Amino acid sequence: MTWRLLASYLALTIVVLIALEVPLLILYQRNERQDLTSKVERDAFAAASLAEDQLQSGDNSPGLERTVRNYQAQTGGRIVIVDIGGHTIADSRGPVAAGSRAFANQAEIVAALHGKTVSGIRSAGDESHVLYVAIPVESAGASVFGAVRITYPTSALDRRISRYRLALAAVAVIVLAVAALIGLLLARSIARPLRRLEGVAARVGGGELSARASETDGPSDVRSLASEFNRATAKLAALLGSQEQFVADASHELRTPLTALRLRLENGETDAALIEAERLAGLVDELLELARADASGGAPGDLALGDVVERRVELWSALAEERGVQLEWRGTGGLIRAGEGRVEQVLDNLLSNALDASPPGSAITVTADGGELHVVDEGAGLNAEQRERAFDRFWRASKAPGSGLGLSIAKRLVELDGGTIELQAAATGGVDAVVSYPVRRA
Ligand SMILES: Nc1ncnc2c1ncn2[C@@H]1O[C@H](COP(=O)(O)OP(=O)(O)O)[C@@H](O)[C@H]1O
Ligand SMILES: [Mg+2]
């Protein structure tokens with residue numbers, strides 16, 4: 001990944017460099033050429049004004065020839081002056097044969113003799129180039145007397161441009177080197193924490209659930225990935241821990257009735273042994289119920305809480321009557337979203353607890369309003385700490401019969417439907433078991 005990041009970083013830098021440097025070079029080249037052209041043009045105009053009188057009068061003065069020769073000696077530019085007939089009047093390169101028309105047919109001179117100013121760059125045969133400027137020699141009016149042409153070697157210009165090109169290339173190389181360095185550091189700073197995270201993931205995969213990734217390392221994306229990973233690992237560890245605890249608790253709880261069963265059998269107390277065996281079977285059933293709580297009771301659907309409560313209270317009232325306990329229900333109940341089987345099982349557990357706690361002659365009141373369900377008894381009640389602990393697996397307030405699993409199962413079932421369950425102190429002195437289900441909105 002480091003190399004891919006680095007490559008993309010460098011590619012971007014190259015694109016930016018090209019986008020900046022190529023126009024810069026083109027602009028520089030054009031400017032330099034324009035500067036040289038206008039300089040040569042100025043010289044040509046100066047030469048034209050010098051030549052004007054002589055071309056007008058027609059007599060040859062050695063002064064003009066000396067001037068153009070000096071010009072070539074000083075600048076390297078060659079000046080050629082022709083009259084309107086194309087005869088060469090002066091040539092900075094050397095003396096002119098009388099009546100020579102050596103330049104008469106050159107395109108730029110023809111154009112200048114027609115009153116046009118022309119300039120451009122052309123090849124000088126070999127590698128080198130020359131800049132040429134040709135202008136007409138004319139009086140203030142309109143008549144053209146001749147033409148001046150200057151050809152100027154571009155070698156100095158070319159040298160400057162190639163120096164500039166080299167400088168740009170050097171800048172590009174330096175920028176690329178710096179970009180590569182920064183890119184490498186950046187890529188490393190991303191890749192390294194990711195690799196460390198990978199190492200931690202491998203350790204967790206190997207069973208070391210206490211391994212945690214550093215959440216302060218690297219860029220924020222990697223940090224949040226690390227904290228998400230840590231959260232998932234912690235959850236997994238907690239889940240596995242609670243499962244191990246469950247197995248340990250269950251084995252421990254099963255051992256007591258098993259011991260009792262063995263003792264009864266050793267003593268030949270068959271009836272008592274049968275009771276123990278039944279108790280054992282009940283405990284195993286409840287354990288299975290707890291383990292399968294997720295799957296039971298079907299998918300959450302729209303459920304009229306009042307109807308479920310009415311049916312369950314009716315079912316339990318026979319047993320209540322047998323124990324001399326008055327069982328009744330109030331309220332209208334609302335439409336909730338829950339699994340019907342799960343709600344019934346929760347109610348059964350709460351009613352069974354309430355009945356176990358209720359002395360003869362007392363009453364159990366069930367109310368259902370909206371999504372809230374109360375099961376209130378008039379028993380001895382529980383203190384605040386006991387009401388909390390009652391939801392722990394296998395916890396029982398006294399050595400009373402029962403597995404201590406009923407409320408943990410109920411809690412699991414209620415939470416599966418997105419509801420909450422708690423035990424409160426009832427005004428009657430007993431316990432008020434409160435369940436809240438999510439209400440179905442119309
Ligand atoms: N309504 C109640 N009144 C008094 N004690 C209760 C009540 N409900 C639960 N408890 C206490 O909480 C313990 C745990 O209840 P639960 O999880 O249903 O297990 P159990 O199988 O023993 O009924 C019970 O053993 C009982 O001591
Ligand atoms: Mg119970």
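Which residue places a backbone N or O atom 3.2 Å from an oxygen atom of ligand 1? In this predicted model, in which local features need pLDDT of at least 70, side-chain atom pairs count only at pLDDT 80 or more, and totals for chains, interfaces and linings use all residues, that residue is serine 403. Residues are numbered from 1 along each chain as its sequence is written, chains are lettered from A and ligands numbered from 1 in the order in which they are written, and side-chain values use heavy atoms, with hydrogens and water left out.

The shell around ligand 1 comprises 15 residues, of which Asn353, Asp377, Ala397, Gly404 and Leu407 are the closest; a residue is near the ligand if one of its heavy atoms lies within 4 Å of it. By class, the shell divides into eight nonpolar, five polar and two charged residues, where Ala, Val, Leu, Ile, Met, Phe, Trp, Tyr, Cys and Pro count as nonpolar, Asp, Glu, Lys and Arg as charged, and the others, Gly among them, as polar. At least two shell residues are supplied by each of α8 (340–357) and α10 (406–416), helices being DSSP runs (H or I, at least four residues) numbered from the N terminus.

In the loop between α9 (384–389) and α10, phenylalanine 394 has a positive phi, near 70°, in a residue other than glycine. Phenylalanine 394 counts as buried, with 9% relative accessibility, since buried means under 20% relative accessible area, exposed over 50%, and partly exposed in between (1.4 Å probe, protein chains only).

Glutamate 108, in helix α3 (residues 107–113), is likewise buried, at 7% relative accessibility. The side chain of glutamate 108 makes polar contacts with the side chains of arginine 122, at 3.2 Å, and arginine 149, at 3.1 Å; a polar contact is a pair of N or O atoms within 3.5 Å, and within protein one must be able to donate a hydrogen and the other to accept it, residues adjacent in sequence counting only if both atoms are side-chain atoms.
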